[in-house]
Amino acid sequence: MKSVKLNNGIEMPMVGFGVFQVSDEETEKAVLEALKTGYRLLDTAAVYGNEAGVGRAIKASGIPREAIFVTTKLWIQRENGYENTKKALEASLNRLGLDYVDLYLMHQPFGDVHEQWRAMEELYKAGKARAIGVSNFHGDRLMDLITCHEIVPAVNQIETHPFYQREAEIALHRELGVVQQAWGPLAEGKFEIFSNPILTAIAQKHGKSVAQVVLRWLNQRGVAIIPKSVKIERMVENRDIFDFTLDEQDLAQIATLNRDEIIFNHRDPKMVQWLAEHRG
């Protein structure tokens, strides 16, 4: 599945290009290369500090704006959630050099979530975002948001990979009509994912890389993906996942890898430092 129709009818590519923890200068070069290799979904965020780099790459690419699906994210609004959410998107648009984004996500379920979402609904209706959604929302928080508001989030972007498979979330999102999008689909290289014997054997069986097997596994489960790499050969590899299919035996073997282990740890010293530097 190369694209998916969101719950408001717009099409979103299933494979995108992420720029988390990439500097603004490096982002411009990486995104331009990604666009040249065929990516048409770009995923950034205000807190990443590289929206401007994404915008410069889009402009330099010469590709029509309507052919590129751009996602950015609202960082936590600790005060005046409604007004500051509107200001935050305008600031993101200015940095991107765009009139609208295709998808605007609430980055974390913190702050005055309901006032933030109310503002996002209005921004959507005003055409500033073609779709709105959330990120890092567990099922209970997602249900609370849906119950209290008019618009159902189009996407929930959450950590999903072979060691944190999120079966319950996939089922819930399917029931609610929310597309699950995986960040960290390759577990950021942790848990020795690229040398895992099960994944390696499946990759050899299909003549593919471990990364391609993992990304295809997510795709076959209906999960959108935003892998990140600044290396051109990896960019190409991560998109080349549609000429093979994992069989039932493959899927059953990958299912045994689930350990409900996360890669994002708020208590990790490096992550604490990064969040402090990007708190805004």
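This is a predicted model: local features need pLDDT of at least 70, side-chain atom pairs count only at pLDDT 80 or more; totals for chains, interfaces and linings use all residues.
Me: At what angle do the axes of helix α2 and α3 cross, and is α2 parallel or oblique to α3?

Reply: The axes of helix α2 (residues 51–61) and α3 come within 7 Å and cross at roughly 45°. Angles under 35 degrees count as roughly parallel and 65 to 115 as roughly perpendicular.

Me: Which residues of α3 make the contact with α2, and how does the contact divide by class?

Reply: By class, the contact of α2 with α3 has three nonpolar, two polar and two charged residues. On the α2 side, Glu51, Ala52, Val54 and Gly55 take part. Their partners in α3 are Ser92, Arg95 and Leu96.

Me: How do α3 and α4 pack, and what is the hand of the crossing?

Reply: Helix α3 (residues 81–96) packs on helix α4 (residues 113–125) at an angle of about 45°, and their axes are 7 Å apart. The two helices are therefore oblique to each other. The crossing in which α3 passes α4 is right-handed.

Me: Which residues of α3 and α4 meet, and how many of the contact residues are charged?

Reply: From α3, Gly81, Tyr82, Thr85, Lys86 and Leu89 take part, and they meet Glu115, Gln116, Arg118, Ala119, Met120, Glu122 and Leu123 in α4. The residues of this contact of α3 with α4 include five nonpolar and three polar. The number of charged residues is four.

Me: How far apart are the axes of α4 and helix α5, and which residues of α5 make the contact?

Reply: Helix α5 (residues 139–148) packs with α4 at an angle of about 55°, with the axes 11 Å apart. That angle makes α4 oblique to α5, and α4 passes α5 in a right-handed crossing. Val113, His114 and Trp117 of α4 make the contact.

Me: How much space lies in the largest pocket, and which residues lie nearest its centre?

Reply: The largest pocket holds about 690 Å³ of space. Its lining comprises 34 residues. Those nearest the centre are Gly184, Pro185, Glu188, Pro227 and Lys228.

Me: How is the lining of the largest pocket divided by class, and which elements give two or more residues to it?

Reply: The lining residues of the largest pocket divide into 17 nonpolar, eleven polar and six charged. The elements that give two or more residues to the lining of the largest pocket are α8 (210–220), α9 (232–239) and α11 (269–277).

Note on methods. Residues are numbered from 1 along each chain as its sequence is written. Side-chain values use heavy atoms; hydrogens and water are left out. Axes are lines fitted to C-alpha atoms, for helices over the stretch in contact, and angles run from 0 to 180 degrees between N-to-C directions. Helices (H or I, at least four residues) and strands (E, at least two) are DSSP runs, numbered from the N terminus. Angles under 35 degrees count as roughly parallel, over 145 as roughly antiparallel, 65 to 115 as roughly perpendicular and the rest as oblique. A crossing is left-handed if the near helix is turned anticlockwise from the far one by less than a right angle, and right-handed if clockwise. Contact means heavy atoms within 4.5 Å. Ala, Val, Leu, Ile, Met, Phe, Trp, Tyr, Cys and Pro count as nonpolar, Asp, Glu, Lys and Arg as charged, and the others, Gly among them, as polar. On a 1 Å grid over the protein atoms alone, a cavity is a set of points where a 1.4 Å probe fits but cannot get out, and a pocket is an open set with protein on both sides within 12 Å along at least five of seven lines; lining residues have an atom within 4 Å of a point. Grid points are joined across faces, edges and corners, and a volume is the space filled by probe spheres set on the points.
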